[in-house]
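User: Can you walk me through a structure? I'm new to this.

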Amino acid sequence: MLVSCSALCAQTPRYEVKRAAKPIVVDGKIGGDGKTGAGEWAAAGKIDFGFPWDFQTGAKQRTTARLLWDDEFLYVSYDCDDTDITAQFTQRDDPTYRDDAVEIFINPVPSQIAVYYGLEMNVRAVLYDYFAVNAKHFLKRFQFDGVQLAADIRGTLNMSGDKDDGWSLEVAIPWRNFEERAARPTPGTVWTANLNRWDGTEPNRRLSMWTDPREPKPWPHKPERFGELVFVK
Ligand SMILES: [Ca+2]
Ligand SMILES: [Ca+2]
């Protein structure tokens, strides 16, 4: 039987996570001009975020994410163009997604979509981390162990009268955090993930991301639409 291909047939993306040549220095600085990812991020491929919801009124500002790995850590970096950098939340597990923030959702067992991990980090490098159940219950008492996190601001925080350049963020996540679900990846291992960014202030917000969840409203929690992370040498 022929099944007509709706938008839901659209493929989710695949990204090769390469090995870091040496441990990443987590200082929030990506190196070079950020856009080129020179220095320690030079080996990593780029993920440019898309804007799935045209009816949102926030500015469409560029985000480039990169991932690398080694024996100890999964590394993620984000480079964000941003003319107005804002963030209010300062405590672990605050709702950082209401600020200028970037996120990664990680599913180490792609054969199921019932549970995954979330890290949502604002431009102050404040972490909201949780274990997600049915893309609906976010158990924030789960705490990632040994995460290194830093942001670098090219502009002024919470000062709207001037024009900022942007900000970047680096995070290193120890593999032991996933040990109840999966062993540390080896070359060829496939996990799934999505990477997102919340930008702007109400009412002019904008959600951009790697893989489009194909949801009518801005909502990133759609594990069946996560992209594939393929760990390579
Ligand atoms: Ca902003
Ligand atoms: Ca937590």
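The chat below covers ring pairs and metal sites.

Analyst: This is a predicted model in which local features need pLDDT of at least 70 and side-chain atom pairs count only at pLDDT 80 or more, while totals for chains, interfaces and linings use all residues. Residues are numbered from 1 along each chain as its sequence is written, chains are lettered from A and ligands numbered from 1 in the order in which they are written, and side-chain values use heavy atoms, with hydrogens and water left out.

User: How many aromatic pairs are there?

Analyst: The count is 23 aromatic pairs. Rings of Phe, Tyr and Trp (its six-membered ring) pair if their centres lie within 6.5 Å; planes under 30 degrees apart are stacked, over 60 edge-to-face, and the rest tilted.

User: What kind of pair do Tyr15 and Trp210 make?

Analyst: Their ring centres are 6.5 Å apart and the planes stand at 80°, so this pair is edge-to-face. Tyr15 is in strand β1 and Trp210 in the loop between β12 and β13, 195 residues apart. Strands (E, at least two residues) are DSSP runs, numbered from the N terminus.

User: Are those two buried or exposed?

Analyst: Both Tyr15 and Trp210 are buried. Buried means under 20% relative accessible area, exposed over 50%, and partly exposed in between (1.4 Å probe, protein chains only).

User: And where do Trp69 and Phe231 lie?

Analyst: Trp69 lies in strand β3 and Phe231 in strand β13, so their pair ties together parts that are 162 residues apart in sequence. Both residues are buried. Trp69 and Phe231 belong to one aromatic cluster, whose members include Tyr117, Phe142 and Trp191.

User: What lies over the face of Trp69?

Analyst: Arg19 does, at 4.7 Å from the ring centre. The rule asks for NZ of Lys or CZ of Arg within 6 Å of the ring centre and within 35 degrees of the ring normal.

User: New topic. Which residues coordinate the calcium ion (ligand 1)?

Analyst: Asp82, Asp84, Asp100 and Asp199 do, at 2.4 to 2.7 Å. Donors are N, O and S atoms within 2.8 Å of the metal (3.2 Å for Na, K and Ca); water is not among the atoms, so sites may look incomplete.

User: Why is the arrangement around the calcium ion (ligand 1) irregular?

Analyst: The six donor atoms subtend angles of 50 to 160°, which makes it irregular. Six donors count as octahedral if opposite donors are over 155 degrees apart and all others between 65 and 115.

User: What about the calcium ion (ligand 2)?

Analyst: Its protein donors lie 2.1 to 2.6 Å from it and come from Asp93, Asp129, Lys140, Phe142 and Gln143. Lys140 is partly exposed at 37% relative accessibility, and Phe142 is partly exposed at 23%.

Methods:
Helices (H or I, at least four residues) and strands (E, at least two) are DSSP runs, numbered from the N terminus. Four donors count as tetrahedral if all angles lie between 85 and 135 degrees; four count as square planar and six as octahedral if opposite donors are over 155 degrees apart and all others between 65 and 115; anything else is irregular.
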